[in-house]
Structure formats: structure tokens, C-alpha cells
Amino acid sequence: MPSAPARRYRRRAEGGQLVAAHRRGKAMWCDTVDADGNAGPALGIHLGMGGRIIVTAPDGESTSRYGGGDPHVGERETDKPEWTRFSLTFEDGGQLRLFDKRRLGRVRLDPDVDALGPDAAEVGREEFRSRIQASTAPIKARLLDQSVVAGIGNLLADEVLWRASISPSRRSKTLDDDTVDELRVVLRRAIRSAIAKGGVHTGEIIPFRKADATCPRCGAPMSRGTVGGRTTWWCSNEQA
């Protein structure tokens, strides 16, 4: 039996339409209208760490023009039913599904997107300066705070701080304008690279986030610790 939240969403969404899609950082949401054309609840979708959105065509029609990845995800013998976290069936029989083996992906009605900071790939120079330099928190913790800048996760934070040769535990307020400007340039570059290559796991430092690894740039041992509540790796020389 569907959960109470699922039943509530079904009552509010049945007969409606998805009319626009948006993204800020890691958050995605779709605007909806009800059967009478009135604004309905926003459908918020978060992929977690490994979720995928799958869009399939109506039964009996080719899926090639719809895109959205492998249409058989969630239907293979090795796929468990609980890995399909959410499904929405359209009037023509097509579907939108959230598939996530790690079960961290989630769907929310009317997500609080106003609580998010500006998108990491789009934030302007002056705003980035003011948001980063306004705190005494460690710079990595500041980058991970989605209310400050939206879209930076643990791997991306390690990647950009290594590229910029900044210690993850350095206090944000101690970074001068030039350093913060360079950090923003490096961040945008790292995001573009991750998009082009298929994810932040393709970053330059990511393969070296392990015991006994050395910095690929200078050869110094990689260090490991906890910053902002997250496991963190950095170069013991260049990011000391």
C-alpha cells in the first residue's frame, strides 16, 4: 500500500500536468498545474548520490525519441522494486521514474528552494565573495553549506580546494578577494569538467583520495581528516 505522503501527492497531482522543469545546485523541481489549469504543487526531486531520472515512452512505442537513459532500469531481474523510489505515469502511458540503488534519492512536494544559495555554476563574483568571506567556518564546511552556495558536494569540494591549493580547514574569513576569485574560477572549471566527463568522480584528485596515495602534482603524501563533518583529503604539502 502506498505511504500516506504518496497518497496525498496522488490526490493533488492526478489529472495535472508538468509544465516546467528547474534546477539549482543538486535540487530539481517541476512546476505543475491541476486539471483546471490552476497552479499545483511543485514536484521536488533530489537524486541523492547515485539516483537517475528515467523517462519512458508510452507502451508499445519507441523510447528512442524520449531519451532519459536505459528504459529497462527498474525492470531487470537484478533490480529490486524498492530501488524505484518514485514513479509517475502520464496519460499516454509513458512514465517518469526516480531510480536509486542507494535509496538516498527522494521526492518532495513544494520543496523549500528559497533556502538554497545561488547555483555554484552561476554565482557571480561579488556574491561569491560576500558569501564565502562572511564566516569563520572552515572553507570546506562553507562550500558544503547548500544555503551558502548550492550544488557543491564532498568530492567536488575536495577537488576544487586541491586545484586551488587551499587548506580545507582554513577559516573562510581569512581568504582575500583574489584567493576567493580564483576559487570561484576553479569551481566553475571543475563543474564544467565534471559535466563533460560524466560526474565529479572523474576529478583529478579523486583517484588519490585513499591511504598511501601521493599528490599527483607534487608527490607529497595525501592527508585525511574530517572537516565539516565529512571525510576530507588534501595534499600535505600544497594545502598545509
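This is a predicted model: local features need pLDDT of at least 70, side-chain atom pairs count only at pLDDT 80 or more; totals for chains, interfaces and linings use all residues.
Residues are numbered from 1 along each chain as its sequence is written, and side-chain values use heavy atoms, with hydrogens and water left out.

The side chain of Thr32 reaches the backbone oxygen of Pro41 at 2.7 Å. Thr32 has 10% relative accessibility, so it counts as buried (under 20% relative accessible area, with a 1.4 Å probe and protein chains only). Strand E2, residues 27-33, contains Thr32 (strands are DSSP runs of E, at least two residues; helices are runs of H or I, at least four; both are numbered from the N terminus).

## Nonpolar cores

A nonpolar core is a set of buried Ala, Val, Leu, Ile, Met, Phe, Trp, Tyr and Cys residues joined through side-chain atoms within 4.5 Å. The largest one has 23 residues, and those touching the most other members are Phe128, Ile139, Leu143, Ile152, Val160, Leu183 and Leu187. Two or more residues each come from helices H2 (125-133), H3 (139-144), H4 (154-163) and H5 (177-197). H5 gives the largest share, six residues.

Setting aside neighbours within four places in sequence, Val160 is in contact with Leu143, Leu183, Val186, Leu187 and Ala190 (heavy atoms within 4.5 Å). A second, separate core has nine residues, including Trp162 and Cys235.

Conventions:
Buried means under 20% relative accessible area, exposed over 50%, partly exposed in between (1.4 Å probe, protein chains only). A polar contact is a pair of N or O atoms within 3.5 Å; within protein, one must be able to donate a hydrogen and the other to accept it, and residues adjacent in sequence count only if both atoms are side-chain atoms.
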